Amino acid sequence: ALLNNTSIPASYSRLGFVNFSGYFDGFLSDFVAFGTFRTDLGVLSTDVKLSLAKDIRNSTYSGSLNAKRFDLGKFLDIPKLGKLDASVSIADGKGLTAKSVRARLTAKLAQIEWDTTSLSSANFSGSIENGKFNGELSLEDPRIRAVLNGDVHTGERLTGNLDAKVNHLDLNLFQLSRPEAQIRFSANARFELGKNNLFNGFVDASDIHYSDSSHRAVIRQLLFSQSDRGELRKMSLKSDVVDLEAVGTYDYNTLPDQVVAFLESKHPGLFASWRSVNQTFDRKTWINGNFLIKDGRVLNEILQQDYSIDKINCDVNLNMLKGELDVRTNSFDARYKDFTLRKAVLKLSSLNTLSFNLQFDSIRNNQKLLSGKGVLNSDFSINEGLLRLDISDPLNEIKLAVLNIGAHYTSDSLLLHVNDDA
């Protein structure tokens, strides 16, 4: 038989029912085919010369292939990769299994889907060998203009080594919803993507220029690296604007909601009285981290919030199994619109109670001094809490305000009692 001792690749079975109409000349083992394959994954039009060997790893082929709404993601088992419209020229092809395929490729992509995004006008020139694509990909979509060089290897894990020159990237591709928001940069990346979003590698970017209709910002250098080993994750971000280090067992996509759920479990009603709270969290979650904001003004040009924080160095320790959360900062300046909190120091901890302490030297409106030193303390336990604010006169060092706020809260209500003892 022609295909004795041959294993058909699993990806071929994903094509489902296949119907061919067109021209066929030759034998089953050596033929020229011109026509259209209609499959469960889409339509493929071919003009192919194929010499099929008993061991399909030694089969040879050349020709052209046109895909119309073909689901390449399902064919290659890459979940975020979707359908494409493309024309591909193949030369010097050999091998018909994922590990044996070798060929020179030229591709013009009219449209390709990745995750929730659809891109148009892309060209690839290079080769494929043993599941590794090597070459140059150029993108000329109105929302992204870029050139990528390097290699990407598909398999159980997606690995790559890429150099990128991004001349234009519309940030509204990521649902940012800002008029004319865009960046341009150069980058080198080495990565390995595994199951459950595991990532090992780094991205080294330089000359990152951000702009929109009213803001401009530049980050000269940014290095992101991550190592996932089993459940342990180490992440690092270094730049001239902000640094971040974190080690632990955590998922940063769900971490904020998990922290709220964790605190709500210890202090019932504290969050549920005014916002929806996910009632579950992973008790195995722990994280030791530090972040340092070096240049808050540049960061705020990008984030565009009414508030900004400058020169803050913050340590965070969280252990959900032990029921511990501790946050501490150095002295920093915080701004909200025209108001500035000078030389503030923050401490937050959650053991038996949720304790918050904020001290500052002064409050200013633009350059006008509004107050001297101040202290804000709060303690929250189960269903009740107390907040105390002391603010002094900047000149006479007398109390301007001694504000006590008592709180009683449940998952359905929040009641406050305010007293001014100044």
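**Exercise 1.** Find what Phe 70 touches, leaving out residues up to four places away in sequence.

*Solution.* Contact means heavy atoms within 4.5 Å. Phe 70 touches Leu 15, Thr 39, Leu 41, Gly 42, Leu 44, Phe 75, Gly 82, Lys 83 and Leu 84. This is a predicted model: local features need pLDDT of at least 70, side-chain atom pairs count only at pLDDT 80 or more, and totals for chains, interfaces and linings use all residues. Residues are numbered from 1 along each chain as its sequence is written, and side-chain values use heavy atoms, without hydrogens and water.

**Exercise 2.** Classify the pair formed by the rings of Phe 20 and Phe 37.

*Solution.* Rings of Phe, Tyr and Trp (its six-membered ring) pair if their centres lie within 6.5 Å; planes under 30 degrees apart are stacked, over 60 edge-to-face, the rest tilted. Here the centres are 4.7 Å apart and the planes at 40°, so the pair is tilted.

**Exercise 3.** Decide whether Tyr 250 is buried or exposed.

*Solution.* Buried means under 20% relative accessible area, exposed over 50%, partly exposed in between (1.4 Å probe, protein chains only). Tyr 250 has 9%, so Tyr 250 is buried. Its tilted partner Tyr 252 has 35%, so Tyr 252 is partly exposed.
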